[in-house]
Structures are given as structure tokens and as C-alpha cells.
Amino acid sequence: MRETIQRLTETFGPSGFEERIRAVIRDEVEDLADELQVTPLGSLVAIRRGSGGGQRIMMAAHMDEIGVMASYIDEKGFIRLAPLGGVYSITCIGSRVLFENGTMGVIGLDEKRQDKKQIPSLSELYIDVGATSKEDCPVRVGDAAVFVRTFFAQGRRLVAKAMDNRIGCAVLIETMRRLQKTPHEIHFVFTAQEETNLSGAQTAAYGIDPDLAIAVDVTGTGDRPESRPMAVQLGQGPAIKVQDALMIAHPLVREWLVAAAERINVPYQMEVMEGGTTDAAVTQLVRAGVPSGCLSIPCRYVHSPSEMVDEEDVEGAVRVLVEALSTR
Amino acid sequence: METISLLRKLTELPGLSGHEQPVRQLLQELWSPLVDELSEDRLGSMIGLRQGSGAVPRPRLMLAAHMDEIGLRVAGIERGFLRLAEVGGIDRRVLPGLEVVVHGKRDLHGVIGMRPPHVIPHDQRDKPIPWAELFVDVGLPEAEVDEWVRVGDPISFYRQMVELQGGLVAGKAFDNRASVAAVTLALHALTRMSHAWDVVAVATVQEEVGLYGATTSAYHVAPDLAIAIDVTFARQAGLSDDRVFAIGEGPTIGIGPNFHPQVVEKLKSTADAHEIPYHVEPAPGRSGTDAWAIQVSREGVPTGLVSIPVRYMHQPVETAAVKDIERAGRLLAAFAAGLAADFRPGWEDEA
Amino acid sequence: MMLKELSEAFGPSGNEKAVRTILRQALEGQVDRMWVDALGNLHTERQGKSRNRLRVLLTAHMDEVGFMVIGHDDSGGLRIRPIGGIDPRVLPGAIVWVGPDRVPGVIGAKPIHLQERGEGEKVDPIRQLVIDIGAKNKEKAQEAAPVGTTAVFATRFRELGPTVIGKAFDDRVGCAILAALLLGEPPRHTLHAVFTVQEEVGLRGARVAAYRSEPDCAVALEGTIADDLPKEKDASPTTELGQGPAITVMDRTFIAHRGLVQLLTHTAEELGIPYQIKQPGIGGTDAGAMHRVRQGVPSAAVAVPCRYIHGPVGMLNLADFENCSRLMHESLARLTVRTLRRE
């Protein structure tokens, strides 16, 4: 699985610009699915038709990552940026970014800032691609870029950019590999545009009209120095969501995951996350409502270019999903 | 149907957003004799259908009142003390000293304690207690707490309704069980009235966390017209007169982009005809009620809003006038009965 | 000029009747179908003539920002709240029309002579301002403008040469362009053109219109922010007057479909129509609601740059207006199934 995770995390795919990551995932799942579809907003749907008698289940992991978009190019060829998803200025400074056309840039900070004690706003940052004028700048307004950082593994811990949520994509892919028999019709959806507005999952769910939906995504942890209290810790197993900022997991879906974990003795944690949400927040509201839940991978430093997960948690998530999906 | 005992039953039950089962159960009992069909949608909203007398296919009037209430949730467990997360919008200043019920493997009564003021530095005493220092204490040994309680379990306020002077009542969850009561009274009244339209009473779930039950149940019901019933701010000490309404002077009728002008007019004329006092409540944008979600369901739904003034909203002492709740019920019943079989809200500039 | 008539019409969110009436009269008999839905959106449809015709949803919103009367003070003033986003700094000294009958009113502030020291450095929030219609007392005010009455800026349209000024160019300019598209030669694709309501309070009309439409793609036509005044910092003007129609790549509410953006830019380049890319990440349009309806709708937004929007007097350049119409017309003629395909 490590190779897949590395390949996925190192691929370009900010929100709205998912062509390359979609191609990589398509390559991974092509032989594992009965049918592949791309939705009008660019989500990739891989369908596994079960032996019958089960439910229609939507499994969602978003494939887009946070990034930045060129919003203005000044006379000297410096590029101002707009965020694609939740980008924090403090993790930007000194970072390198990569545009789709291969242009690399570094992020600088205005020296004449209004209040130097304040955390800089994104409007005080710029990208320097080494251009000397607007004319020779290889980037155009509207071009998107992602953060650049290589993958590494150290013991059980895996670190990369875009672990949010390529790790969820990796879990779905591995689940598809290991899932032998299922009564269910399962739509594995690699959703687009989660980080900006959750529209990929919402529209895919409308098309699928599932009986239930599960998002696989990252969640925060409370186990770092001076972190805010949160019951989830890295390495204590996948987390089964109870609530986040925008959703309360449907009790039946939540307990379905709990029961699967208990049957195969995979350690798990219950998750109450006070900030942030996942695709499940929108799938639950589609049409007349879809009972929705979320299986989370604990992750430190979410939305920084170095997001850390634990391999055992990832393995546990796959096992829970395979168990849940194999049974009625 | 006796309003005060109805309110007591409805408000004293726990029913946090996403955990409305106890209210659903009560409504099963209360609404069964009043409707022709009772069902639930996929997120758990309760749907009671009273068939109209008009020809099939009959237009449908949806009466939506949310049944969920705000509350708390176990965010973590430390040495038997329970850390808190909020469900819905909570002013944490009302929490210290409150009795609660933790809904774990079994219900546990508990209190929200605080450190004694004697040990708190003076400069901290004029600040609200931070979330990180608020715990529920169920008074059991650590091992027993771990046995009964799991991270994520809901915690409801424990509060018995009290009757105040002048026909006022106070307790928790008047937002929005007062409206569920009004809808129940309306259904009751309709058993003695003739109505051409189908009347679909819906007790929606998860309003407090994002109008979710209204979103899905409106799609499910696909009504031709909808009235949301919710609470609004009553005049109280410390509030300016802007957009607050006197308690005991009747419900309010919403006006603004969220509401179809002909629905507003019909609500007003119905109230006038039945001598039900009301105020007009302006909403220049988002009304913050189920009506906001219902209006944009599918191809759009002509929507109205009836609100019951309540003091101290989102606190365990929400206060309302029994009379206002009864008037809201009468208004809804009269509105439903007054809908002619061929009436459809339109636009005055249409041909 | 239709833009003048549309600009001067009374139409705050939820109260779009006057605008709808103008458009309905202009389009009556010129389209294949026309109807009004439950929220008050005006739907029109023109059948496409191509065999491979697509169904294209085009929207422009009829509503404008304004005010709602929420109470009355003892001296006869109307207490108000904004409908949509209004910067309170533009209010003192404004003249407004109250109600569809356009009763004039004024918004004044404390005379400079009577201000305490430093008071002139503060902005009066809207809840401290009232509209004065000349009512003698509270009762008269209640009678003339009961709670719930709406008001808009009172501004007459005027031509200044290459530019024009007026109120509500956001989005009556979009309405004017959309009406012109409908009145043109028979379209290649079926045009479902909707003049939407309630954009300014949350993109509400477009959402239900898109649900009804089930289109293959959608384009919102807008009047958008121009921030091209002199500035200290070399920063984006968002859009600039006179530089052509503005094409959105991303705003707060959606990411535009890449194929549609390419169609628009390639069409402009092919025909030499000036265009600009609107500063990404700013503002929102009906496309934000439309793109997430049902199974998802590939969407784009094209706009005429307007200075001073959401204030009493906006300004736009007529060449941008013409170029926006032309760009839309030509792009629709070049749209094919392949434009919308995703690998």
C-alpha cells in the first residue's frame, strides 16, 4: 500500500483541477471495478456490482487537495494568490508550489506589512517564479498550483502533502483490492472539489441515489504538544465519526462500522471533531436524505504540506471497511 | 387536548439534534389518532398525513416544526469527568450549575460543575468558564463511567417545566417543542374541520445543526405550499425593541424574500378573520428557520412562517405564553381549512 | 434603451415584480415558452435548431440590494435593515424609493456642527440610520410604510459618453444581455433563460431554476466588481472597466468548468474580442448554486465589470456590455458536446 500512497500523494490535483489525479486513480481501479464513470463535475465513480440482496452503498473519498490559484500578476512578474480550500498563511511562507505546467515557485511575504505581530493574511503573500515582468511570467491568472513535498515513511508513520485525502483514496483502492464477495452494489467515488465546497460528493450522491453513504477522510488529533483536547489519537485505530462541525453521523451507519470493527477485533476510536467536515455532510442531505457516516484516518498537521498518519490506522480502516462491506 | 400537559410532555423529553427518538416515540402516540398515515423519512423526521376532502390528486400543505433541541455531547473522558462538545448553538455561560442527563449505555444523571470561586484568581472571575474547564460529573467511580459512557454520547439538559404567573410557562426545548405542540393542536382542531388539501404535519430533525430534516423531508413530501413553525425572540430585559415581539400578543407572521407574498397575505387574512392577534416579523434575508430550506426544495415551494415569541432562547429557561401557542395552533388549522381545492399561490403580474 | 428601464426598476430581493414585468413585455411572443415559478423566477425557453443541440441554462438575476423596514421611530423615521450586502458608508446622504410605488425618502446623518469630537471618524451602522419619508409621527410612518416594506436606492440612469451610470447594474446588465440573446437569431442550442430572484440573499432563485431545468451546462451573466481605482499597492483590480467581459475561473461559491472557460477564452481570442479573467476567489454568482444541482452542472460565469456596485450609483462601460453580448452569442454558437466532456 505504501507505494500507492506515495504515488497518490505526489500527484498534482487541486480542487477543480483533478485531471491528473483522476488518471492515476483510474489506472489503479480500472481492473477492480465492473464499471467506471466520470460525473459532470469530475468525480470518478468505480462501481462494484455485488451478488445481490444488499444495499446500494456510496463510499466517498475526495481526491482533490488544497492548493493556491494565481489571482494577479504584477508588473515585475510576482504572482498574488487565492486559496483553493483551507490554506493557512503560516504554512505557506517558505513553501514551494508547483503549477500544472511544471512551473515551480516559492512563496514570499510582503515586508511592508500593516501589523507585523499579526499572522499574515494570504493577501500579503506572493509567489516568485523567477520572472522579471508580467510578460515573461509563465503563469496566467487562474492557473492552479499545489504544495511541493516528498513522501516519507518512518516506522509506522507516513508523512506527505495531500495525505488529506489521498490516504482516503488509498483506503478505498485497497478495500476494492481485498473485497472478495459482497451482496452490495458499491459505488466507490473519488470525489472532486471537496476542499472548496463539497460539490463533487453532493452531485455524485444525487446521481447514485444510494441507500447509505460513508465518507473516508482524515480527522484531527488531540495528541500533540499543547493541542486542543480531542479524544482521537494517532495510532489508536481508525475513528468512527459521531459528529463534526456540519454533521451528526446517522446512528445506524455509525453502529454498522462499530460492529464490523468489533467482529474482527480492530481497535477503533469514536470521533467528535469540532472544526471541519467531510463529504458525508452533503451526502446526508441529497434528495430525501441518505443515512451517512464517516470512517476517519487520524492525521496530524492537517492542511499543512506535511500531514502525518499512522500505517496501522490505515490498515485498520481497510479491514473495517472490507468486513463491513462483505456482510449484509 | 390540554395544552399545559402537552407542553410538559413535549419539553421534558430529551431529543438532541440527531437523537430525536424519544420525541418521535411520543409523537407516534400523540399523532396516531389525528392522522391517516404516519411515517418517517430517511433522516428520521416524523410525517403525519391527514387526507383532504378534495379530488385526487390533492395539493399538499406541509406544516413543519422541528423537534430537535440543542444540547451537549461527550467529547472526551478524563478520570471519570466528561469533556463537552456542543450540539447546536450553546451559550456556555448557562452551563455551570446545570443538571443534565448523559445518554450512555444507560441514562446517567449528572451535574456540570465548576472549580470553587475561592481558588480562581480575581482577574479570571469576570470571564466565562472556558469549554476546556467545563465537565459533566455523574458522580460514579471512573471504572463505572468507562463502562457506561462512550465518546460521542449525547447529553441533554434536565429541566422540569414550571408555570409562571400570567399564563407563562418556562423550561427547556420550547425551541421548538412549543411549535410541535402548536402543530399537534392544529391537527387536533382539524379533526373537527373540513379541509380540501392534504395536510402533512412534519416534525423535522436536525434543525439546530443546519435545517437538515427540513431539507430532506421537504424533498420527500414535495409540498405545494409549506408553513414552517418556529420560535422567535420575545421582548425581555436587556434587548432593544428591534425585531422582538411582546409575549402574549399572539404569534408572528414572517415577511420577506423567504416567504411567498400570497402565503403571507393568506396567513394575515386568516388571522384577521378568526380574530387571532399577530405581529408581522420582517426577515430581510435568511430567516434561520426550516422555511429557508423548504423554499428552495426541488423546483421551489411557496413558503410561510408562523413564530411563537419565546424569551431566553437556547437557555434552559425558555419562556412562552400558553395563549400564543394555542393561537398559533388555531391559525394553522384555520389556514389549512381555508385553502380552496384550486388555490395555488401565484404572482399578481402573471396573466 | 432596455438597460435604462431595467436599471431604474424597483426590485429588491423577494420583490422583483417590476423587473419581471419589463422583461415579460419585452419577450412576449419572442420565445417558445415563458412561465413564472414558485419563487418568482421568470423562465423563458427558445428551442435550438441544431440536431445535436444541448440544453443550456442561462441566468441573470433580477433582484438588487435594498432595505427592509423593520420598525418606526417616534419622529416618523423608518428603521431599516439591509437586503443583501450594503456597505453602510454609502448611506448617509442617499435618496431611496420606498415601496413599489417609489415613495421618495432620504437617509441623513447628524449635522457636522453638532458632532462630538471624533464622531466624524466613525461609521454609523445601518441600525442607527432611518429613512425619512417626511412622515409626521410614528403612526403616519406605519401607515405609509408598514413593517416589511422594502426600499431601493433612487438613481436615474445617465449616459456619460463611453460609460453609463445608474443603480442595480448588478445584475440588470446581465438581464439586458440575456434578453438580447433571446431576441437574436434562432440559437443553435436550446436556451433555457431564467431571470432569477433572490441572488443577493443566497443564490436562491437559480438553485430551483437549475433543478427544474436539468441543463447540460449553465452560464450566469453578471455585473461584477471592478476595483480599478488608484491604489498604493500593485494589487489586482478584480476587473477593469473597458477591458472586456470578465470570465470567472473560481470565486467563493464555485470553480468554473475548464472546458467552458476555454470555450469562452478561445472564442474571444479567435474573434479579437477583449476579455479579462476576473480575480479568482472574489464574490459569488448564481453559478455557485447551479453547479451543484442534481448530478452537477458544468457552469461558468461571465460578467460586465461595474464600478461601485451595491451602492447608489454604479458605472459600466458600454463597450464591455456590447462585447459581453457578442462573446456570449459567439461562444454559444461554438459550444459542442466535446466542450463539456471530462476524461
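# Notebook: helices, domains and chain contacts

I started with helix 5 (residues 212-221) of chain B, which is mostly covered, with 9 of its 10 residues buried. This is a predicted model, where local features need pLDDT of at least 70, side-chain atom pairs count only at pLDDT 80 or more, and totals for chains, interfaces and linings use all residues. Residues are numbered from 1 along each chain as its sequence is written, while chains are lettered from A and ligands numbered from 1 in the order in which they are written.

My working terms: a residue is buried if 20 or more other C-beta atoms lie within 10 Å of its own, exposed if 12 or fewer, and partly exposed in between, with C-beta atoms placed from the backbone. Helices (H or I, at least four residues) and strands (E, at least two) are DSSP runs, numbered from the N terminus.

**Entry 1: helix 5 of chain B**

I listed the buried residues of helix 5 of chain B: B:Tyr212, B:Gly213, B:Ala214, B:Thr215, B:Thr216, B:Ser217, B:Ala218, B:His220 and B:Val221. Next I looked up what covers them, and found that the cover includes strand 2 (46-50), strand 3 (60-66), strand 12 (198-204), strand 13 (225-233) and helix 7 (290-295) of chain B. For contacts I use C-beta atoms, placed from the backbone, that lie within 7 Å. Just after the helix, B:Ala222 takes a positive phi of about 50°.

**Entry 2: B:Arg235**

I then went to B:Arg235, in the loop between strand 13 and strand 14 (252-255) of chain B. B:Arg235 counts as partly exposed because it has 14 C-beta neighbours inside 10 Å. I noted that B:Ala246 is 11 residues away from B:Arg235 in sequence, with 5.1 Å from C-alpha to C-alpha. Leaving aside neighbours within four places in sequence, B:Arg235 is in contact with B:Val244, B:Phe245, B:Ala246 and B:Ile247.

**Entry 3: two helix pairs**

Two packed helices are described by the angle between their axes and the distance between the axes. I take axes as lines fitted to C-alpha atoms, for helices over the stretch in contact, and angles run from 0 to 180 degrees between N-to-C directions.

From helix 6 of chain B, B:Lys266, B:Leu267, B:Thr270 and B:Ala271 meet B:Leu331, B:Ala334 and B:Phe335 of helix 8 of chain B. By class, I find 5 nonpolar, 1 polar and 1 charged residues in this contact of helix 6 with helix 8 of chain B. Here Ala, Val, Leu, Ile, Met, Phe, Trp, Tyr, Cys and Pro count as nonpolar, Asp, Glu, Lys and Arg as charged, and the others, Gly among them, as polar.

In chain A, the axes of helix 1 (residues 2-9) and helix 4 (residues 163-178) come within 9 Å and cross at roughly 140°. I see A:Thr4, A:Ile5, A:Leu8 and A:Thr9 of helix 1 of chain A meeting A:Met163, A:Arg166, A:Ile167, A:Cys169, A:Ala170 and A:Ile173 of helix 4 of chain A. The classes in this contact of helix 1 with helix 4 of chain A are 7 nonpolar, 2 polar and 1 charged residues.

**Entry 4: domains**

For chain B, the automatic or database domain assignment gives domain 1 (3-69 + 172-337) and domain 2 (71-157). Their C-alpha centres lie 32 Å apart, and the contact takes 11 residues from domain 1 and 13 residues from domain 2 of chain B.

For chain C, the assignment gives domain 1 (2-64 + 167-340) and domain 2 (66-153). There, 13 residues of domain 1 are in contact with 14 residues of domain 2 of chain C.

**Entry 5: chain C and its partners**

Last, I looked at where chain C meets chain B, a contact of 28 residues from chain C and 21 residues from chain B. Helix 5 of chain C gives the most to the chain C side, with 5 residues. By class, that side has 11 nonpolar, 8 polar and 9 charged residues.

Towards chain A, 21 residues of chain C are in contact with 26 residues of chain A.

Key
Contact = placed C-beta atoms within 7 Å.
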